[in-house]
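Trainee: I have a new model to look at. Please walk me through it, in short answers.
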Amino acid sequence: DYDAASGYGILVQEGFDVPISVISNAYDSDKLVPRGNTDPPPVRTIKAIYGVNLPTEVSAVYRRRKTLAERKGVVRSKFELDRQVRKDVDATGYEILDGIVLETKETPQQTGDGRTARCSGDGTVPYWSLQFVNEWRGKADVTVTEIEGAEHRAILADARFHRELIEYVTVVDEEAGENAV
């Protein structure tokens with residue numbers, strides 16, 4: 001039996017007033033980059049290239065500690081990662097390993113065009129966040145290329161990324177032939 005709780009909710013339960021104050025004062029009240037801003041950057045054309053279908057962390061399962069120990073100046077959290085919970089990939093498409101919930105290439109996701117597809121993020125960024133760029137369609141000319149199995153950082157050394165980027169920034173002179181740039 002588990003209850004869903006946000007990271008913020010856990011901070012509240014733990015009594016961490018200072019981090020809550022920092023979040024409120026530094027992030028929530030930031031007039032330049034408020035969280036939840038869905039406006040596109042001030043450009044007409046956006047090209048997103050990212051990797052997909054690698055197991056990607058999206059959540060974690062915690063349990064309440066059986067005992068709390070305090071020493072002078074040290075307080076243990078009320079919660080600990082539940083490394084005992086296990087779940088193989090099933091119809092939900094998620095897997096739990098050592099308490100970490102991973103989306104997999106079998107996880108149902110809403111795509112930018114409203115379809116449901118089975119896919120996952122790039123090993124670092126969850127799919128829902130990667131494809132957020134699709135929210136800007138209609139406000140900008142948005143094109144997306146998803147590269148199968150390309151990891152978040154390693155994509156920069158991936159030949160498929162380089163081909164896509166070169167094709168995007170290259171203008172072909174139609175009159176000179178397809179080999180002329």
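Mentor: Start with Arg-153, which counts as exposed because its relative accessibility is 57%. Exposed means over 50% relative accessible area, buried means under 20%, and partly exposed is in between, with a 1.4 Å probe and protein chains only.

Trainee: What should I know about the model itself?

Mentor: This is a predicted model, where local features need pLDDT of at least 70 and side-chain atom pairs count only at pLDDT 80 or more, while totals for chains, interfaces and linings use all residues. Residues are numbered from 1 along each chain as its sequence is written, and side-chain values use heavy atoms, leaving out hydrogens and water.

Trainee: Back to Arg-153. Which side chain does Arg-153 meet in a salt bridge?

Mentor: Glu-151, with N to O at 3.8 Å. A salt bridge here is a side-chain nitrogen of Lys or Arg within 4 Å of a carboxyl oxygen of Asp or Glu. Glu-151 has 28% relative accessibility, so it counts as partly exposed.

Trainee: Why would such side chains pair?

Mentor: Opposite charges can pair when the charged atoms come close.

Trainee: How many salt bridges does a search of the whole structure find?

Mentor: The search gives 6. One of them joins Lys-47 and Glu-164, 2.9 Å from N to O. That pair links distant parts of the chain, with Lys-47 in strand β1 and Glu-164 in helix α4 (residues 159-169), 117 residues apart. Helices (H or I, at least four residues) and strands (E, at least two) are DSSP runs, numbered from the N terminus.

Trainee: Is Lys-47 buried, partly exposed or exposed?

Mentor: Partly exposed, because its relative accessibility is 24%.

Trainee: And what does Arg-160 form a salt bridge with?

Mentor: With Asp-158, where the closest N and O atoms are 2.7 Å apart. Arg-160 is partly exposed because its relative accessible area is 32%. Asp-158 counts as buried, since its value is 15%.

Trainee: Which residues are linked in a network of salt bridges?

Mentor: Arg-63, Arg-65, Glu-80 and Asp-82.

Trainee: New topic. How many helices and strands does the chain come to?

Mentor: The count is 4 helices and 11 strands. The chain has 181 residues, and 28% of them count as buried.

Trainee: You mentioned β1. Why is β1 largely enclosed by the rest of the structure?

Mentor: Because 6 of its 8 residues are buried.

Trainee: In what sense do β1 and β11 pair?

Mentor: Parallel, over 8 bridges, with β11 covering residues 141-148. Strands pair if DSSP finds at least two bridges between them. Ala-48 stands opposite Val-144 in β11.

Trainee: What about the largest nonpolar core? Which of its residues touch the most other members?

Mentor: Ile-46, Tyr-50, Tyr-127, Val-133, Trp-136 and Val-142, out of 13 residues. At least two residues each come from β1 (45-52) and α3 (127-130). The largest share, 4 residues, is from β1. A nonpolar core is a set of buried Ala, Val, Leu, Ile, Met, Phe, Trp, Tyr and Cys residues joined through side-chain atoms within 4.5 Å.

Trainee: What is Ile-46 in contact with, leaving aside neighbours within four places in sequence?

Mentor: Its partners include Pro-40, Pro-41, Val-133, Trp-136 and Val-142. Contact means heavy atoms within 4.5 Å.

Trainee: Which residues does the second, separate core include?

Mentor: Ile-49, Ile-147, Ala-150 and Ile-155 are among its 5 residues.

Trainee: Now the loops. Where does Asn-53 lie?

Mentor: Asn-53 is in the loop between β1 and β2 (56-60). Its phi is positive, about 70°, although it is not a glycine. Asn-53 counts as buried because its relative accessibility is 16%.

Trainee: And where is the place of Lys-105?

Mentor: Lys-105 sits in the loop between β8 (100-103) and β9 (108-110). Apart from neighbours within four places in sequence, Lys-105 is in contact with Asn-53, Arg-118, Cys-119 and Ser-120. Lys-105 and Ser-120 are 15 residues apart along the chain, with C-alpha atoms separated by 4.9 Å.
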